[in-house]
Amino acid sequence: MSRIYLDHNASTPVRPEVLEAMLPYFGGHFGNASSVHAFGQEARGAIEDARAQVAALLNATPGEIVFTSGGTESDNIGVIGGARALPLKGRHVIVSAVEHDAVRHAADALERDGFTVTRVAPDARGVVAPESIAAAIRPDTALVSVMAANNETGVVQPVAEIGAICAERGVAYHVDAVQAAGKTPIDVQAWHVTMATIAGHKFYAPKGVGALYVKRGFKPVPLQFGGEHEKGRRPGTENVPAIVGLGKASELALQELNDVAPQVARLRDRLETLIMERVPNVIRHGDGAPRVPNTSHLSFVGAEGEHLILSLDMKGVAVSSGAACKAGSSHPSHVLLAMGVPREVAQSAVRFSLGRCTTEQEIDRVLEVLPTVVSKLRASSPTAAS
Ligand SMILES: Cc1ncc(COP(=O)(O)O)c(C=O)c1O
């Protein structure tokens, strides 16, 4: 049985071109980028090329890109380091209620540190209204963090409008763009962003590497202490192969976005439409909101989401309930609860996230097995036929 992978929001495979670009840096090109000799300079050159590639993806300049260990670290520097950068501004921070845990828990840490945190709820579609952010800004607000695209629902936030409000009110703005990279254009200029996070493994680069865009002149307080790497913004010897991979993946994402996004959207829409036609009582989350092209988050009311995921896995179809770090836990998604989705509906949610290599045949296979899996689970549920 060939397995079907529809969990690209959790992680993507490393592309062959990306692997090929990385391999020399695991071999002969092993130098430390801080060394002055030729080995070091070879590594330095590769990092600077990658910096330019990442900058191009974000519409930034290379000097504004800081390499990190991934989305979580970038979010932590963005939220905690960003809030601490402005001690004179005040100790109030605003985050949306649908952020990834990397932002939510960074905000919780700030709260434990004496900051006040306002968590802004989205509307029923999962969209955070710019007016709600404007209303939450106070004279002592140092930072706002609202993501570009939600990892569970795929809902795209009005980041440019929120950014314009922050710029006008003199508030730093961090955007978690982890789920936007490779799926929708990112433009830190048009979005009026102070800092933006991306993570390699969500767009065909390896795990454990990411970047933080930091607008020229802004200085988030570092969270780690060590050498002067990354101009003192993130100490630690650079992970050269992974950074080279991130650069290559960024270059490819930028080149291919216009072709890949419509192709993935067509398959996602087909999957969604036919599921809703063939399976009764399905709720589409993020309905009516702009969404990234690859994500479909559906509740199969009356069937437990975790059981559905396991049953589908036994049929060779890999999907998830939402945030990967929640796998195995039966807590309903904080994103869906924040959107006002009832607990039992949230608990029946399954996320299908397609990738650039997803095929029509794979979608057909899912459509073939899903209806039976859902009806079996519904029939065996304690609340069956209620
Ligand atoms: C929106 C979002 N932010 C941050 C992260 C964390 O990124 P990483 O896994 O690279 O730490 C993820 C990963 O699931 C994510 O989806």
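Predicted model: local features only at pLDDT ≥ 70, side-chain atom pairs only at ≥ 80, totals over all residues.
**Entry 1: salt bridges**

I searched the whole structure and got 24 salt bridges. I picked out a few pairs.

I looked at E238 and R44. Their side chains meet in a salt bridge, 3.3 Å from N to O. E238 lies in the loop between β8 and α7 and R44 in helix α2, so the pair ties together parts 194 residues apart in sequence. E238 is buried at 9% relative accessibility. R44 is partly exposed at 21%; the cut-off for buried is under 20%.

Next I took R51 and E230. Their closest N and O atoms are 2.9 Å apart. I found R51 buried at 7% and E230 buried at 5%.

I then asked which residues form a network of salt bridges. They are R44, E48, R51, E230 and E238.

My last pair was R356 and E256, at 3.8 Å from N to O. R356 sits in the loop between β12 and α11, E256 in helix α7, 100 residues apart. R356 is partly exposed at 25%.

**Entry 2: surface patch**

I noted a nonpolar surface patch of V14, L19, L23 and F26, with about 370 Å² of accessible area together. F26 is in the loop between α1 and α2. F26 is exposed, at 55% relative accessible area.

**Entry 3: positive phi**

I checked H192. Its phi is positive, about 55°, yet it is not a glycine. H192 is in the loop between β6 and β7 and is partly exposed at 38%.

K231 also has a positive phi of about 55° without being a glycine. K231 lies in the loop between β8 and α7 and is exposed at 62%.

Notes:
Residues numbered from 1 in each chain as written. Heavy atoms only, no water. Patch = residues over 30% accessible without salt bridge, like charges linked within 9 Å, V, L, I, M, F, W, Y side chains within 5 Å. Areas by Shrake-Rupley, 256 points an atom, 1.4 Å probe, with all protein chains shown as cover. Salt bridge = Lys/Arg side-chain N within 4 Å of Asp/Glu carboxyl O. Helix = DSSP H or I, 4+ residues; strand = E, 2+ residues; numbered from the N terminus. Buried < 20%, exposed > 50% of the residue type's maximum accessible area, 1.4 Å probe, protein only.
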